[in-house]
Amino acid sequence: MAMFCFQCEQTALGKGCTMAQGVCGKKSDTANLQDDLTSSIIELANCNIKNEEITKLIIDGLFVTITNVNFDNESIKKFIDKIKAATQCSFNFDIKTVWNCDENVRSLKSLILFGLKGMAAYAHHARVLGYRDEDVDNFFYEALQIIANENSQEKLLLIVLKTGEINLKCMELLDRANTQTYGKPIPTKVTTNVEKGPFIVVTGHDLHDMALLLEQTKDKGINIYTHGEMLPCHAYPELKKYSHLKGNFGTAWQNQQKEFDNIPAPVLFTTNCIMPVKDSYKDRVFTTSVVDYPQCFHIDENKDFTPVIEKSLELGGYKEDMKMTGINGGDILTVGFAHDTILSLADKIIEGIKSGEIKHIFLVGGCDGAKPGRNYYTEFVKHTPANTLVLTLACGKFRFNDLDLGEINGIPRLLDMGQCNDAYSAIKVAAELAKTFNCTINELPLSLILSWYEQKAVCILLTLLYLGIENIKLGPSMPVFVSESILKFLVEKFKIKPITTFEDDLKEILN
Ligand code: SF4
Ligand code: SF3
């Protein structure tokens, strides 16, 4: 059966995945079911009934369709059934009509839809902690109605930028949810080494799942290790208080098939990015929430993690303490430089900029991925001059977060701000610096070097565009769902540039 999907950076041949299986491993029947789910969500949003149950269905349904979240046809079918049961009108919509329409309209609608998917993930995490925002919730309906009914490029462009505006609110909401629930992140050193004995690896973005698991495993002789986007949880006081939260396992998410091969411990996936699970570790993979993978045990909404705990005790972990490192051989990762911590250093940073001790600040952040060309980010960071700071966030940092870049006046040169949603922290810091220097963000000695892969990166990019931030360097490639003329417009208006080589880009920025 044919499929069409072009929502992520690694899409086939730079055009779209159209074969029996996408580059991410998603089979064509799963891709088509995800299209059916998207179509039914758009139908539901067009029924003019708005309530809490429907909002939750829309948000979670969109999250299911994000790259590397759900590979399980039965689970997607169940979701479609739930959406159909809630749909009380006869509005018909097929998302394939978007894939086949005028390429500029298709680009703008794709930017809105993929941005909404990313924002749905953030809204989901905030809601799990009891935080909601009416503007955010309402916008899901508004944007999904626009996708179905609007074909004017001018109007669609306004909604593209509004997606960025509302996503800023959504990231702010999640920041509030995380910090009011688990405390403000504080700088914390995290080891990459793994102690002997039973352990559990937790990956994804959901701090609530992590908190519940930490509580259920305390005093059980089991250690907990983060993986991927879960790393920043070591910095939250209400999570770091658990002494059995020991360190971080593994390197970048795209190395999981190698690193989880025969691991003597279970792995809990709370969100993306799950890759096709190999038989050698399938019995150890547990999913929860919107994540699902055929034949892997799914923990339901009751969040009883007993099966994971039992698996950990059964496998027993390593017999000896294991020395493990990051990609560059380092074994310490420092986290916890969210906006409050960085702003507490603001005086020192401002003084450093004024005296010339800090010549430039780079934000090197975004998603990682398997495609070649992403070494650019490692080399870029390695070659930043000693009088510059490097802020980072999201999972792309695993390419360089084990490097020791030293300090400037006691400020570490490499400052990890957190998960991808903590782009909110970067925006807050940039806005505060601009206020102090009485200039715009674009006039600060600050450059954004971004890597994208899936749809959360799309909503963050739209937020940066909404804020009028210019000269973003984006890689490893430009989104193929954006047509040439829309891309030309974005490049002219916002001066977005594709990354070139780290040498040329560094030279251009610093001159
Ligand atoms: Fe291809 Fe990406 Fe879609 Fe997977 S999510 S099928 S890799 S475009
Ligand atoms: Fe990474 Fe999958 Fe995007 Fe939260 S975990 S940033 S790719």
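Guide: Begin with the handedness of a helix crossing: the crossing is left-handed if the near helix is turned anticlockwise from the far one by less than a right angle, and right-handed if clockwise. Note also that this is a predicted model. In it, α6 passes α7 in a left-handed crossing.

Visitor: At what angle do helix α6 and helix α7 pack?

Guide: Helix α6 covers residues 134–149 and helix α7 covers residues 153–182. The angle between them is about 155°, and their axes are 10 Å apart. An angle over 145 degrees counts as roughly antiparallel, so α6 and α7 are roughly antiparallel to each other.

Visitor: Which residues of α6 and α7 make the contact?

Guide: On the α6 side they are Asp135, Val136, Phe139, Ala143 and Ile146. On the α7 side they are Leu156, Ile159, Thr163, Ile166, Lys169, Cys170 and Leu173. By class, the contact of α6 with α7 has nine nonpolar residues, one polar and two charged.

Visitor: How do the axes of helix α1 and helix α2 cross?

Guide: Helix α1 (residues 28–45) and helix α2 (residues 52–64) have axes that come within 10 Å and cross at roughly 155°. That angle makes α1 roughly antiparallel to α2. The crossing of α1 past α2 is left-handed.

Visitor: Which residues of α1 and α2 meet?

Guide: From α1 come Leu37, Ile41, Leu44 and Ala45. They meet Ile54, Leu57, Ile58, Gly61, Leu62 and Val64 in α2. The contact of α1 with α2 divides into nine nonpolar residues, one polar and no charged ones.

Visitor: How should I read a nonpolar core, and how many residues has the largest one?

Guide: In soluble globular proteins, nonpolar side chains tend to be buried together. Here the largest nonpolar core has 155 residues, and Ile112 and Ile200 have the most contacts inside it. Helix α5 (residues 103–128) gives the largest share of this core, 12 residues.

Visitor: What does Ile200 touch?

Guide: Leaving out residues up to four places away in sequence, Ile200 touches Leu213, Thr217, Ile222, Ile224, Ala265, Pro266, Leu268, Val308 and Ser312.

Visitor: Leu268 is on that list. Is Leu268 buried or exposed?

Guide: The reading is a count of neighbours: a residue is buried if 20 or more other C-beta atoms lie within 10 Å of its own. Leu268 has 28 and is therefore buried. Leu268 lies in strand β5. Apart from neighbours within four places in sequence, Leu268 is in contact with Ile200, Val202, Leu213, Phe286, Thr288 and Val308. The C-alpha atoms of Leu268 and Thr203 are separated by 6.2 Å, though the two residues are 65 apart along the chain.

Visitor: Which place in the chain does Lys495 have, and is Lys495 buried or exposed?

Guide: Lys495 is in the loop between α17 and β16 (497–498). Lys495 counts as exposed because 12 C-beta neighbours lie inside 10 Å, and the limit for exposed is 12 or fewer. Beyond residues up to four places away in sequence, Lys495 touches Glu470 and Asn471. Glu470 is 25 residues from Lys495 along the chain, with 5.5 Å between their C-alpha atoms.

Visitor: Where is Leu490 found?

Guide: Leu490 is in helix α17 (residues 484–494). With 22 other C-beta atoms within 10 Å, Leu490 is buried. Leu490 and Leu465 are 25 residues apart in sequence and 8.8 Å apart in space, C-alpha to C-alpha.

Visitor: Let us turn to the backbone. What is phi at Ser289 and at Gln295?

Guide: Both cases are positive values in residues that are not glycine: phi is near 60° at Ser289 and about 70° at Gln295. Ser289 is in the loop between β6 and β7 (297–299), and Gln295 also lies in the loop between β6 and β7. Ser289 is buried, with 25 other C-beta atoms within 10 Å, whereas Gln295 counts as exposed, with 10.

Visitor: What is omega for the peptide bond from Asn272 to Cys273, and for the one from Gly475 to Pro476?

Guide: For Asn272 to Cys273 omega is near 15°, and the bond is cis. Cys273 lies in the loop between β5 (267–269) and β6 (285–288). The bond from Gly475 to Pro476 is cis as well, with omega near 0°. Pro476 is in the loop between β15 (473–475) and α17.

How values were computed
Residues are numbered from 1 along each chain as its sequence is written. Chains are lettered from A and ligands numbered from 1 in the order in which they are written. This is a predicted model: local features need pLDDT of at least 70, side-chain atom pairs count only at pLDDT 80 or more; totals for chains, interfaces and linings use all residues. Axes are lines fitted to C-alpha atoms, for helices over the stretch in contact, and angles run from 0 to 180 degrees between N-to-C directions. Helices (H or I, at least four residues) and strands (E, at least two) are DSSP runs, numbered from the N terminus. Angles under 35 degrees count as roughly parallel, over 145 as roughly antiparallel, 65 to 115 as roughly perpendicular and the rest as oblique. Two residues are in contact if their C-beta atoms, placed from the backbone, lie within 7 Å. Ala, Val, Leu, Ile, Met, Phe, Trp, Tyr, Cys and Pro count as nonpolar, Asp, Glu, Lys and Arg as charged, and the others, Gly among them, as polar. A nonpolar core is a set of buried Ala, Val, Leu, Ile, Met, Phe, Trp, Tyr and Cys residues joined through C-beta atoms within 7 Å.
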